[in-house]
Amino acid sequence: MNLQDVYSYCIAKPGSTEHFPFDEDTLVFKVGGKIFCMTSLQEWENNRPTLNLKGDPEENEALRERYASVRPGYHSNKMHWNTVDCNGDVSDKRVLQMVDESYTLVYNGLTKKLKQTILDLEKLQQ
């Protein structure tokens, strides 16, 4: 997996937008103004890529127990966020599933009105 793969995957999600709200290094993907994925561009350049992804607290614990490359979210609420080493023991397929789960958690937390706006915009773009 490389940064372009992650970028393309995240930005293709309905209503997904990219931002640099913290600094020029931290790429953030949002849906409805809420973060679902964060990554450091410099860490990709240094061959230590990680993603911060939101997850269900119980599932987060299970992932941390199962994979050495999943740990509590860096600079995030440790209960709700994990940091995943992309070059670790989690398969690329599973990492992308974790991106999906993060996106879905955030999207499902949006208001009905905002979800409808995202769906309407997606229809217009098709």
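How many bridges join strand E3 to strand E4? Select residues 34-40 for E3 and residues 50-54 for E4: 2 bridges join them, and the two strands run antiparallel. Bear in mind that this is a predicted model.

**The pair E3 and E4**

Stay on these two strands and show side chains. Methionine 38 stands opposite asparagine 52 in E4. Cysteine 37 stands opposite leucine 53 in E4. Now colour E3 by burial: 5 of its 7 residues are buried, and the strand is mostly covered.

E2 and E3 pair in the antiparallel sense, over 6 bridges. Lysine 30 stands opposite isoleucine 35 in E3. The two strands form a hairpin with 2 residues between them. Click on glycine 32 in the turn, where phi is positive, at about 60°.

The open sheet has 6 strands, in the order E1-E2-E3-E4-E6-E5, with antiparallel pairing. Its edges are strand E1 (16-19) and strand E5 (70-72), each of which pairs on one side only. From one strand to the next the twist averages 25°. Strands of a sheet pair through backbone hydrogen bonds, so displaying these bonds is a way to follow the order.

**Two helices on the sheet**

Select residues 57-66, which make up helix H3. H3 packs on the sheet and touches E5 and strand E6 (81-85), and its direction makes about 30° with that of E6.

**The nonpolar core**

Which members of the largest nonpolar core touch the most other members? Select Val31, Phe36 and Leu51: of the 24 residues in this core, these have that place. Helix H1 (3-11), E2, E3, E4 and H4 each supply at least two residues of the core. H4 gives the most, with 6 residues. In soluble globular proteins, nonpolar side chains tend to be buried together.

Now centre the view on leucine 51.

**The largest pocket**

The largest pocket has a volume of about 330 Å³. Its lining has 14 residues, and Thr26, Ser40, Asn52, Tyr74 and His75 lie nearest the centre. E3 and E4 each supply at least two residues of the lining. The largest share, 3 residues, comes from E3.

**Serine 76**

For the last stop, select serine 76, in the loop between E5 and E6. Is serine 76 buried or exposed? Serine 76 counts as buried because its relative accessibility is 14%, and buried means under 20%. Not counting residues up to four places away in sequence, serine 76 touches Met38, Asn52 and Trp81.

Definitions and conventions. Residues are numbered from 1 along each chain as its sequence is written. This is a predicted model: local features need pLDDT of at least 70, side-chain atom pairs count only at pLDDT 80 or more; totals for chains, interfaces and linings use all residues. Side-chain values use heavy atoms; hydrogens and water are left out. Two strands pair if DSSP finds at least two bridges between them. Helices (H or I, at least four residues) and strands (E, at least two) are DSSP runs, numbered from the N terminus. Axes are lines fitted to C-alpha atoms, for helices over the stretch in contact, and angles run from 0 to 180 degrees between N-to-C directions. Contact means heavy atoms within 4.5 Å. A nonpolar core is a set of buried Ala, Val, Leu, Ile, Met, Phe, Trp, Tyr and Cys residues joined through side-chain atoms within 4.5 Å. Buried means under 20% relative accessible area, exposed over 50%, partly exposed in between (1.4 Å probe, protein chains only). On a 1 Å grid over the protein atoms alone, a cavity is a set of points where a 1.4 Å probe fits but cannot get out, and a pocket is an open set with protein on both sides within 12 Å along at least five of seven lines; lining residues have an atom within 4 Å of a point. Grid points are joined across faces, edges and corners, and a volume is the space filled by probe spheres set on the points.
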